[in-house]
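Here is a walk through one structure, taken piece by piece. Keep the sequence and the 3D view open as you read.

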Amino acid sequence: MKRNAIGAPARHIARAICLLALLLPAVAFAAGRVPMPVVDIAKPGKCVEDTAIMRREHSDLLKHQRDKTMHEGIRTREHSLKECVECHASANTGSVLGEKGFCQSCHDYASVRIDCFSCHASKAKLAGGAKP
Amino acid sequence: MSADANAALSRRGFLAISAATLGGVMLAPGIRLIEIAGARAPDQAVSRQVRWGLLIDTNKCAPGCDDCVKACATENGIKDTGHPRTDAQWIRKVELKDMRSGRTHSAPVMCQHCEHPPCVEVCPTGASFKRADGIVLVDRHICIGCRYCMMACPYKARSIVFEDVTEQNPDVPRGKGCAEGCTLCVHRIDRDRQPACVEACTKAGHNAMVFGDLNDPHSEIAQHVAKYASTQIRADYKLNPGVRYQGL
């Protein structure tokens, strides 16, 4: 008897929580809070690898290339971050960052922080400084 | 038919082999070997046979002239942040005076690119390293900003970046929290160009700096070093720097 008296409101609360949990994704996505990434390529053409490979493995390719360049002085253009920026920088801002930037929009969507551009230039070319 | 094809193939094979042999003979005296190493293909790793070096003639280096320092800052995107005490310094002009004779002269001092670099020895992560061709660099990807290298370097050649960096030169990535120093303009060297400081010094007509491969007996720098007296700063440390000075 005692158990039942306490159990009834608890069961109500549990049911409410379950309902809320089930509804949560629907509530979150219906509002469209996560915008889809903007893949706006100013220079259309073929990338150095297939799209599927680039989507999944671009970070590994970049990491491999970075070690080769840094330690062995190998400066091939394929898989180099500079070349990525050269091709994928937005025509409007000249950058791969920004809300509609090629790198940032996708990384925002996937909720992955990009550290590259705290050191590397996010713009294709700048006035001043040497150009290869 | 098949016999003909065989004959043609064997003739072609013979020609290829003889061409290869001839090439080998031409390479064998070793006269052009270093030059080939210098003009390496972009996908070829740097070679231990090269030792990049600088020779600075302090007799030709005018006191007060900072063409090399300015060129370095432009090339590597080093900007004045308004905090001169903590700004990164890749190259600085040092004015010297002999108190007995009163002779004054000045010289640019940057990373001396030692053969046995103390900064590499103390680095806890392996970020500070020496490339096969003798250039001492910081791999910023693994630098944790501990500044041991700054303390270890007897030439005060390393700096740490205290503030966010924007508008970098695409060839020279730089950022907050990493140690850095003169790279000998490694991005230029890899494309067969001279460091920015040397180029600026020559362009202005001072000709106080010579850059080249110390291991190549035909290079200008090696011939200068073989002919004239030159010294290394604090040679008593036996670090064997790649940067040498005349007239110190």
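Start at one pair of residues in chain B. In strand S8(B), Met209(B) is the bridge partner of Ile56(B). Keep in mind that this is a predicted model.

S8(B) pairs with strand S1 of chain B, residues 52-57. The two run in the antiparallel sense, and five bridges link them.

Now step back to the sheet. Which strands make it up, and in what order? The order is S8-S1-S9, all in chain B. This is an open sheet of three strands, and its pairing is mixed. Strand S8 (209-213) and strand S9 (243-246) of chain B form the edges, since each pairs on one side only. From one strand to the next, the twist averages 20°.

A helix lies on this sheet. Helix H8 of chain B, residues 220-227, packs there and touches S1, S8 and S9 of chain B. What angle does the direction of H8 make with that of S8(B)? It is about 110°.

Strand S2 (residues 91-97) and strand S3 (residues 104-110) of chain B run antiparallel. Seven bridges join them. Lys97(B), for its part, stands opposite Thr104(B) in S3(B). Between the strands of this hairpin sit six residues. Look for Gly102(B) in the hairpin: its phi is positive, near 80°.

How many helices and strands does its secondary structure come to? There are four helices and zero strands. Along the sequence, the pattern reads α-α-α-α.

Chain A has 132 residues, and 14% of them count as buried. A residue counts as buried when 20 or more other C-beta atoms lie within 10 Å of its own. Take the contacts in chain A with a separation of 6 or more: 49% of them come from residues 24 or more positions apart.

Finally, bring the two chains together. On the chain A side, 19 residues are in contact with 25 residues of chain B. Which helix of chain A gives the most to the side that touches chain B? Helix H2 (residues 51-72) does, with four residues. What kinds of residues make up that side of chain A? Seven are nonpolar, seven are polar and five are charged.

Note on methods
Residues numbered from 1 in each chain as written. Chains lettered and ligands numbered in written order. Predicted model: local features only at pLDDT ≥ 70, side-chain atom pairs only at ≥ 80, totals over all residues. Contact = placed C-beta atoms within 7 Å. Nonpolar A, V, L, I, M, F, W, Y, C, P; charged D, E, K, R; others polar. Pairing = 2+ DSSP bridges. Axes fitted to C-alpha atoms, helices over the stretch in contact; angles between N-to-C directions. Buried ≥ 20, exposed ≤ 12 C-beta atoms within 10 Å, placed from the backbone.
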